[in-house]
Amino acid sequence: MDKIGLVIIPVLSLERGMDKEKQLQMYYEMVLIRRVEERGAELYQAGKIGGFMHLYIGQEAVSTGLIAAREPRDRVITAYRDHGVALNCGVSANEVLAELLGKVTGTSKGKGGSMHMADTSKNFWGGHAIVGGHLPVAAGLAIGDQYAGNDNVTICMFGDGATNIGYFHEALNLSKAWGLRVLWVCENNMYGMGTAVDRASAVSQIRQKADGYGMASDRVDGMDVMQVYEASRKAIEQVRTDSQPFLLEINTYRFRGHSMGDPERYRKQEEVKKWEESDPIGIFHAQLTKKKVATDSQLSAIDEKVAAEVTKAVEFAEASPEPSMEELFTDVYADENSNQ
Amino acid sequence: MAKITMREAISQALMEEMDRDPSVFIMGEEVGVWGGSYAVTKGFFDKYGPQRVKDTPIAENAIIGGAIGAAMVGQRPVAELMTINFAFSAMDYIVNQAAKLHYMFGGQFTLPLVIRAVGGGGRQLGATHSQTPDAIFAHFPGLKVVAPGTPADAKGLLKAAIRSNDPVLFIEHATMYQTRGEVPDGDVLIPIGQSKVQREGKDVTIVTYSKGLELSMKAADELAKEGIQVEIVDLRSLRPLDMGPVLESFKKTNRAVIVEEGWKSYGVGSEVASRIYEEAFDYLDAPVKRVAQKEVPLPYNRNLEQAALPQAEDVIAAVKEVLK
């Protein structure tokens with residue numbers, strides 16, 4: 001019995017060289033992200049989630065294909081659109097939804113919220129909310145690994161908007177100058193908040209920015225999870241082998257607003273509708289059935305299983321306790337007796 | 001016990017900690033081949049090599065952000081900012097990352113990180129290279145801020161900072177590297193967050209730290225000639241702030257002067273005075289006085305710069321005023 005509850009005999013897909021079980025696992029994760037985000041949106045509308053919340057709907061193939069290509073020892077760090085990334089790293093829907101509801105059972109004990117989820121036991125180093133701010137930190141994770149003498153790869157995800165801020169350039173420059181094992185992954189969803197890429201960036205293809213650092217790069221369709229997986233696998237291998245950073249641009253589109261409070265005046269509904277025809281889950285569903293990796297009914301069974309799992313996760317999150325008032329003062333410092 | 005300079009004390013602390021713990025390494029601008037802008041890490045590159053003494057690009061976000069990342073995965077980086085003025089370039093990393101990540105992720109990882117930064121005026125470096133912005137950094141919970149005024153404290157506090165599991169901003173004063181003082185031999189740590197009485201007296205309490213200690217000692221010597229006995233409490237750490245010895249001294253003298261090199265408004269003196277008013281109001285015999293920098297960007301011209309910086313004479317005048 002595999003993780004998603006189906007009895008599957010692993011068979012290699014002739015076309016892709018990936019076993020069936022792994023492909024179905026990826027399908028499961030994409031559907032899980034979609035459902036968690038949809039339920040999250042409902043809970044937000046119901047006033048149960050505070051602050052900012054940025055949904056991953058439409059971008060599921062990016063994180064799923066990318067993280068499926070990592071080894072467990074490879075580190076993942078991302079920006080604030082992080083719920084899906086957390087799920088792909090193996091964080092449970094329970095913990096993600098509990099964090100959204102600010103509960104003590106959440107990834108960050110309810111002290112981080114939507115934008116600040118992490119689980120270092122899963123090698124997921126967060127959710128960071130300052131645009132571009134986590135890029136030098138990602139370089140630092142790789143400095144730590146380089147210093148320790150291992151060949152772990154740090155996978156650092158960020159949006160197209162982050163490539164226009166100075167942090168990006170300091171981090172990419174340092175990573176190349178020092179030979180750090182970082183896979184820089186730009187999720188180009190065409191808008192930094194509401195500003196289209198070509199209105200904010202000197203070059204429209206983000207991968208071109210690697211050229212200034214003599215860094216290898218690639219660009220891939222982020223609506224096709226198998227293409228994302230293949231490009232990511234190659235890039236991670238290259239980073240590990242060459243001990244050099246790599247910039248991977250993954251082109252994608254978010255179907256929902258930048259955050260929950262987005263009037264979406266910067267794009268037309270026709271554009272959104274057109275992209276929705278390239279739904280990454282729909283595309284992958286069609287691929288799986290066409291290649292006979294799974295039947296419609298097998299995939300429907302996964303859909304149903306996910307729906308039940310997410311329903312239970314919402315119940316778990318709602319039933320979980322609030323953090324105690326003592327939690328207010330814990331973890332300000334790690335040392336004891338650090339009175340303020 | 002040997003009499004050594006502040007520079008030697010800091011250098012010794014770094015070397016001893018690097019020898020003791022292989023996870024400690026240094027990174028910063030010109031820390032390696034050059035030997036450190038203030039020669040604190042002279043000889044380190046030859047002794048430890050480029051892996052442990054990392055010359056960085058001139059890129060403060062990468063330096064502090066990189067050190068934070070390395071600390072998150074268990075190393076103990078000591079990142080050097082050539083001057084604390086460059087900390088403003090890295091403000092996001094100090095304020096939004098170092099001071100927050102442990103708390104924000106529910107304590108999942110620690111940040112055993114030291115940021116060494118050289119601050120202070122008096123070297124005719126002009127307005128952008130002469131600031132004493134220590135109080136700004138002490139504002140943020142999650143960060144520890146240490147600023148020693150003697151070689152012994154510098155050595156003991158830096159060793160403690162390196163062993164701390166929290167991010168520590170360690171502020172050195174640019175004009176004090178040649179300051180000499182007795183430093184105990186061996187592995188002596190001074191806990192972060194402990195103020196210390198550096199001079200005993202019964203008439204007035206001076207609360208100070210870093211360069212202010214030098215001014216205050218000088219002023220106290222002069223005042224002693226007139227029979228005024230000053231007690232000097234050195235804060236040594238601005239966060240956590242240890243008010244115990246300050247209040248104890250104040251309850252004895254009932255008069256206080258606070259001496260700092262930074263600007264008066266919203267400064268260390270503002271904080272300490274408030275705490276005295278809040279916690280020892282009944283002991284007040286005179287309003288608390290603050291001695292600090294004039295409220296101007298520091299000028300280049302030597303006379304103007306010295307006029308803007310607090311001097312021992314200003315301390316003497318303030319002491320006499322609270323004794324009126």
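This section describes the interface between chain A and chain B and a sheet of chain A in a predicted model.

In the predicted model, the two chains meet through 44 residues of chain A and 49 residues of chain B. About 3600 Å² is buried between chain A and chain B, with carbon and sulfur atoms giving 60% of this area. Of the area that chain A buries against chain B, 20% is supplied by Tyr147(A), Glu170(A) and Tyr333(A), more than by any other three residues.

Polar pairing across the interface of chain A and chain B amounts to 23 residue pairs in polar contact, both residues at pLDDT 80 or more. At least two residues each are supplied to the side of chain A that touches chain B by strand 2 (124–127), helix 5 (134–148) and helix 6 (166–177) of chain A. Helix 5 of chain A provides the largest share of that side, 10 residues. By class, the side of chain A that touches chain B comprises 17 nonpolar, 19 polar and eight charged residues. One salt bridge is found across this interface; a salt bridge joins the side chains of Lys144(B) and Asp335(A), at 2.9 Å from N to O.

Chain A also contains an open sheet of six strands, ordered 2-1-3-4-8-7 and paired in parallel. Strand 2 and strand 7 (216–221) of chain A lie at the edges with a single partner strand each, so one side of each has no neighbour in the sheet. On average, neighbouring strands of this sheet are turned by 15° against each other, direction ignored. Strand 1 (residues 75–78) and strand 2 of chain A pair in the parallel sense over two bridges, and Val76(A) stands opposite Phe124(A) of strand 2 of chain A.

Notes. Residues numbered from 1 in each chain as written. Chains lettered and ligands numbered in written order. Predicted model: local features only at pLDDT ≥ 70, side-chain atom pairs only at ≥ 80, totals over all residues. Heavy atoms only, no water. Contact = heavy atoms within 4.5 Å. Buried area = accessible area lost by both parts, 1.4 Å probe. Salt bridge = Lys/Arg side-chain N within 4 Å of Asp/Glu carboxyl O. Polar contact = N/O pair within 3.5 Å; in protein donor to acceptor, adjacent residues only side chain to side chain. Helix = DSSP H or I, 4+ residues; strand = E, 2+ residues; numbered from the N terminus. Nonpolar A, V, L, I, M, F, W, Y, C, P; charged D, E, K, R; others polar. Pairing = 2+ DSSP bridges. Axes fitted to C-alpha atoms, helices over the stretch in contact; angles between N-to-C directions.
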